[in-house]
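Reader: I am new to reading protein structures. Could you walk me through this one, step by step?

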Amino acid sequence: MRSHLRFTKQVLCWSLLLLVTGRLPAQMMHNTVSSTQQIREPFVTHMPGKVIYHLYITDTTVNYTGKIRPAIAINGTIPAPQLDFTEGDSAVIYVHNLMHMETSIHWHGLIVPNDQDGVPYLTTAPIKGHTTHIFRFRLVQNGTYWYHSHTMLQEQSGMYGALIIHPVGGTKEKTETLLLSDWTDENPHQVERSLHFATDWYGIRKKATQDYTQAIREGKLGIKLKNEWKRMLAMDVSDVYYDKLLTNGHPVDSGHASKYQPGDTIRLRIINGSASTYFWIQFSGGKMMVVASDGKDVTPVVVDRFIVGVSETYDVKLVLPGHGRYELLATSEDRTNHTSFWLGKGPAYPATVPGRLKYFAGMKMMNDMTTGSGKMTDMGMNMSLQQMDMNTVMYPEIADSGQQITTLNYAMLSAPEKTTLPAGPVRELRFELTGNMSRYVWTMDNKTISESDKILIRRGENIRIILTNNSMMRHPMHLHGHFFRVLNGQGDYAPMKTVLDIMPMETDTLEFHASEKSGDWYFHCHILYHMMAGMGKIFSYENSEPNPQIPDPKKAIRRVYRDDRRFYFGADIGLESNSSDGEIRLANTRYLLQAEWRAGYTQERGYETEAHLGRFIGRQQFLMPYIGWDFRYRPGHGNEKNLFGQANTKDKRSALCLGVQYTLPMLLKADARIDTDGQVRLQIGREDIPVSSRLRLNFFWNTDKEYMTGLRYIATKYLSLSTHYDSDMGYGAGITITY
Ligand SMILES: [Cu+2]
């Protein structure tokens, strides 16, 4: 009762302050790494069988790197406060959105009624700015879960928190929650936009450009050439460069370390709440015993290390082996960074940080696995359940030392009790995970969410999904509102999960019982930028009851589909001594609107512009037919002829054209077109040949006898020093702005 009173007073005070100033108190906004506030208590009220939480969502600023950056906090903290419940409790959660923009909260891994699932416009009303939304559901399970925004990229900005449901009666175990996440100082929308234009800036930051200089130096030129012959960009296991990786909001969390004594057994609840980072987990004090995944108990299995896919959770038990501080190390799969959690007191025993990836070994493997049309060959192998990690060729600790270590994979997980599904008709579905890095298109069966039909299912059916990953990245596929069985050779004891990490080339089978009554349920890749690009499907119960939170479903679903239909703006603007060359583009999954110019600074040099509207065809999108418009004015070239003997219209041209672009081996771009003056032009060229880590070579040549070659030195993400020679404009040097 006392805590209830204190809570009421606190909320009243805050509400007043908010009314007057529109802001939370300063100490609540203090989100620097060093001073994440522990302010959980005032926001929770425990009553018999019922727990009430108040979550206040605010814009905030953080300082993880020495720079102040905007972020989103819940109750003043990043991560959001941990919500604790007991199985059987009724949860009442007030979400107060104090921001101008709308938001949402999804309860990841929880079995809740459809309208409480928290996907805006699909299951639950969006939480508009300056409104409060109340969630009510009963906790019908226990274990380690989490919650996060399902709106745009808000999760990357800090909207994630742990959600722990304790079993009835509780346990005497010592437990710690480790919520892992990734932080970028960049605006997540800029990250997303850059990915769609295949920026290699993140490769530069990660020292993973796999450029020609490096290939020659390491004696891997043949591998590099074969890779580009197969039309692949530099290979990597992750897309984004992160400034910090965090455990409970800190790069290094040793908050409770000294609480533990030698011999203590501690249960760690590890949650991967990152937007796109997979983590390798190691413990410097010895082996770890995996006891649960995605909230469900598994038969204990002892390992040296394991990977936690984006949005997965694992519970592990470990024993402090002796006097000293021991490190639980979480390293990003790309090994550019790590974060850690310390246990115990005394001298520090750090874990061994894994060495850099051997990228060319990975590239060679990709070459062997890929056909020239960008598809994966099956190599006659049956790969599944993380049992054969192809990336192992890139791990120096294994490739170089032949060390025997036990790494967890899905085949090792089994449920302690039978998980066979209730009897019912079986519906079998096959999905292929597809995508391409060069345009950052991520799809299932080569269709985005908005291009796919909903998959109708019926209550009582058993849905079996056979998933094949035919893309070159791993994908953590997450199903809302249902646990699925991973068919992993454990028979009746197949483990239950809500997230399945599927590696390139793998085929996995999972099945779930359609136990809900109603509504639409998301099944999507949990890499935030893949989901936003359209990698997912929607399961929809036949004859669903109307959802009061979605009063106009037709209008609402258009909002869901809008995410993967968006256009992104990009530009290269060269400002050099002889001329300005450049290109602006507006692109989405299928279309590209592109305008180029070359403009001399003198009348005599003239100018020319070309604009294209094209549509990408095929899964690798190597082909793009387009219509275009050409305009140029360049006096003094009237009597030239092109390679086909046609009189040139270079000095004055205003014509429509029809053309096609095609990506050839070595990533050469071929372009053939005919215009309304009957002029034919063939052109070949390539941009951004990675000569060295930061040096890029460009060139083109065409049948109008025009040619250009240039070099660009990438100084920052947006700025390069550039120089080029052009058959019309001559030699120039200056800068290029890349956006
Ligand atoms: Cu994905």
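**A walk through the model**

Reader: In which loop is Y121 found?

Author: The names come from DSSP runs, counted from the N terminus: helices are H or I runs of at least four residues, and strands are E runs of at least two. With those names, Y121 is found in the loop between β6 (106-108) and β7 (131-138).

Reader: Before we go on, what kind of model is this?

Author: Residue numbers start from 1 along each chain, following its sequence as written. Local features need pLDDT of at least 70 and side-chain atom pairs count only at pLDDT 80 or more, while totals for chains, interfaces and linings use all residues, since this is a model of the following kind: predicted.

Reader: What is the phi of Y121, and is Y121 buried or exposed?

Author: Most residues other than glycine have a negative phi. Y121 is not a glycine, yet its phi is positive, about 75°. A residue counts as buried if 20 or more other C-beta atoms lie within 10 Å of its own, as exposed if 12 or fewer do, and as partly exposed in between, with C-beta atoms placed from the backbone. Y121 has 25 other C-beta atoms within 10 Å, so it is buried.

Reader: Which peptide bond is cis, with omega near -5°?

Author: Most peptide bonds are trans. Look in the loop between β3 (69-74) and β4, where P79 lies. The cis bond, with omega near -5°, runs from I78 to P79.

Reader: What is the bridge partner of Y145 in β9?

Author: Strand β9 (residues 160-166) is mostly covered, with six of its seven residues buried. Two strands are said to pair if DSSP finds at least two bridges between them. β9 pairs with β4 (residues 80-86) in the parallel sense over five bridges, and with β8 (residues 143-148) in the antiparallel sense over six bridges. In β9, L83 has L163 as its bridge partner, and the partner of Y145 is L163.

Reader: Which strands stand at the edges of the open sheet of six strands?

Author: This sheet has mixed pairing and the order β11-β10-β13-β18-β15-β16. Two of its strands have a single partner each, so one side of each is left without a neighbour in the sheet: they are β11 (244-247) and β16 (296-303).

Reader: How many bridges join β10 to β11?

Author: S181 has L246 as its bridge partner in β11. Strand β10 (residues 174-183) and β11 pair in the antiparallel sense, and the number of bridges is four.

Reader: Why do the buried residues of α6 line one face of the helix, and what do they pack against?

Author: In α6 (residues 221-229), the buried residues are I223, K224, N227 and E228. Seen down the axis of α6, they fall within an arc of 130°, taken from the directions from the helix axis to the C-beta atoms, so they line one face. Contact here asks for C-beta atoms, placed from the backbone, within 7 Å of each other. The buried residues of α6 pack against α5 (212-217) and α7 (359-369).

Reader: Which residue takes a positive phi in the hairpin of β22 and β23?

Author: β22 (residues 426-436) and β23 run antiparallel, joined by four bridges, and L433 has M444 as its partner in β23. Strand β23 (residues 441-444) is covered on both faces, with V441 and T443 buried on one side and W442 and M444 on the other. The hairpin has four residues between the strands, and the residue with a positive phi, near 50°, is Y440.

Reader: How far apart are the C-alpha centres of domain 3 and domain 4?

Author: Bounds come from an automatic or database domain assignment, which gives domain 1 (2-167), domain 2 (173-408), domain 3 (415-545) and domain 4 (568-738). The contact takes seven residues from domain 3 and five residues from domain 4. The C-alpha centres of these two domains lie apart by 43 Å.

How values were computed:
Contact = placed C-beta atoms within 7 Å.
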